[in-house]
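Subject: Structure handover

Hello,

Here is the structure I promised to pass on. Please open it first, then read my notes below.

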Amino acid sequence: EFLYRCVDGKALPLLTKGRVRLDGVSIETALKMLTKPEWRNDWDRDFLQMRVLEQNDDHSTIHWRIRFPFCFKDRDMVQCAAVRRLDNEDAYVIVYKEGNHPSQEPTGRYVRMTTGFSCSILRRDPNDPITSSTLFALANVSYGGVLAWIMP
């Protein structure tokens with residue numbers, strides 16, 4: 001869902017939100033699908049690669065390569081991501097922000113995307129807490145290149 005495009009005449013990265021019920025996917029499995037490269041690379045065909053560049057106690061630095069339709073160059077981005085379990089133990093929050101890493105400077109092969117604040121909240125489904133979950137996502141991303149001009 002498109003929320004806004006500009007404020008005071010200044011273009012802002014596209015802000016989108018989404019909510020998906022994951023029938024038959026437990027919260028533990030859904031968390032792995034979102035955060036573990038070996039899981040994400042297997043199920044999400046739009047992502048060419050998710051690679052953890054650096055891991056420490058409170059966050060990861062991740063390099064994403066994303067497939068775009070044939071008429072556009074593929075994209076990449078570097079983000080810092082932190083995963084926290086909420087106090088009630090029925091939810092996780094994943095917070096993303098713009099990152100950088102010396103091993104992943106922008107190249108001509110991909111258009112570099114940028115991100116503002118983005119997050120995902122993963123909750124147990126109240127109707128089926130053992131085997132299903134719900135994902136709410138809020139993404140603040142600029143696609144770069146000509147798409148940044150068309151869809152700031």
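A residue is called buried when its relative accessible area is under 20%, exposed when it is over 50%, and partly exposed in between, using a 1.4 Å probe and protein chains only. Keep that scale in mind for what follows.

First, the basis. This is a predicted model, so local features need pLDDT of at least 70 and side-chain atom pairs count only at pLDDT 80 or more, while totals for chains, interfaces and linings use all residues. Residues are numbered from 1 along each chain as its sequence is written, and side-chain values use heavy atoms, with hydrogens and water left out.

Overall fold

The protein chain has 3 helices and 11 strands. Both are DSSP runs numbered from the N terminus: helices are H or I with at least four residues, strands are E with at least two. Along the sequence the order is β-β-β-α-α-β-β-β-β-β-β-β-β-α. Of the 152 residues in the protein chain, 38% are buried. A contact means heavy atoms within 4.5 Å. Among contacts with a separation of 6 or more, 49% join residues 24 or more positions apart.

The largest pocket

Pockets come from a 1 Å grid over the protein atoms alone. A pocket is an open set of points where a 1.4 Å probe fits, with protein on both sides within 12 Å along at least five of seven lines; lining residues have an atom within 4 Å of a point. Points are joined across faces, edges and corners, and the volume is the space filled by probe spheres set on them.

The largest pocket holds about 850 Å³. Its lining counts 30 residues, and R40, D44, F47, A137 and A139 lie nearest the centre. Strand 3 (14–22) gives the most, with 7 residues. Other elements that supply at least two residues each include helix 1 (27–35), helix 2 (37–43) and strand 11 (133–142). By class, the lining has 20 nonpolar, 5 polar and 5 charged residues. For these classes, Ala, Val, Leu, Ile, Met, Phe, Trp, Tyr, Cys and Pro are nonpolar; Asp, Glu, Lys and Arg are charged; the others, Gly among them, are polar.

The second largest pocket

This one has a volume of about 270 Å³. It is lined by 20 residues, with T35, Q55, S60, A81 and V83 nearest its centre. The lining divides into 10 nonpolar, 5 polar and 5 charged residues.

Residues to look at

Start with S118, in strand 10. S118 counts as buried because its relative accessible area is 4%. A polar atom of its side chain lies 2.8 Å from the backbone nitrogen of N140. Leaving out residues up to four places away in sequence, S118 touches I94, V95, Y96, L138, A139, N140 and V141.

Y96 sits in strand 7. Y96 is buried too, because its relative accessible area is 9%. Beyond four places in sequence, Y96 touches residues including W64, C80, S118 and C119.

At 51% relative accessibility, K97 is exposed. K97 and F117 are 20 residues apart in sequence, yet 5.2 Å apart C-alpha to C-alpha. With residues up to four places away not counted, K97 touches V78, Q79, C80, T115 and G116.

T61 belongs to strand 5. T61 is buried, at 6% relative accessibility. Again skipping residues up to four places away, its contacts include R51, V78, C80 and H101.

E89 lies in the loop between strand 6 and strand 7. E89 is partly exposed, at 48%. Its C-alpha is 9.0 Å from that of R123, which is 34 residues away in sequence.

Cysteines

How many disulfides are there? The count is 0, where a disulfide is a pair of cysteine sulfur atoms within 2.5 Å. C71 is exposed, at 52% relative accessibility. C80 is buried, at 15%.

Best wishes

Technical notes
Polar contact = N/O pair within 3.5 Å; in protein donor to acceptor, adjacent residues only side chain to side chain.
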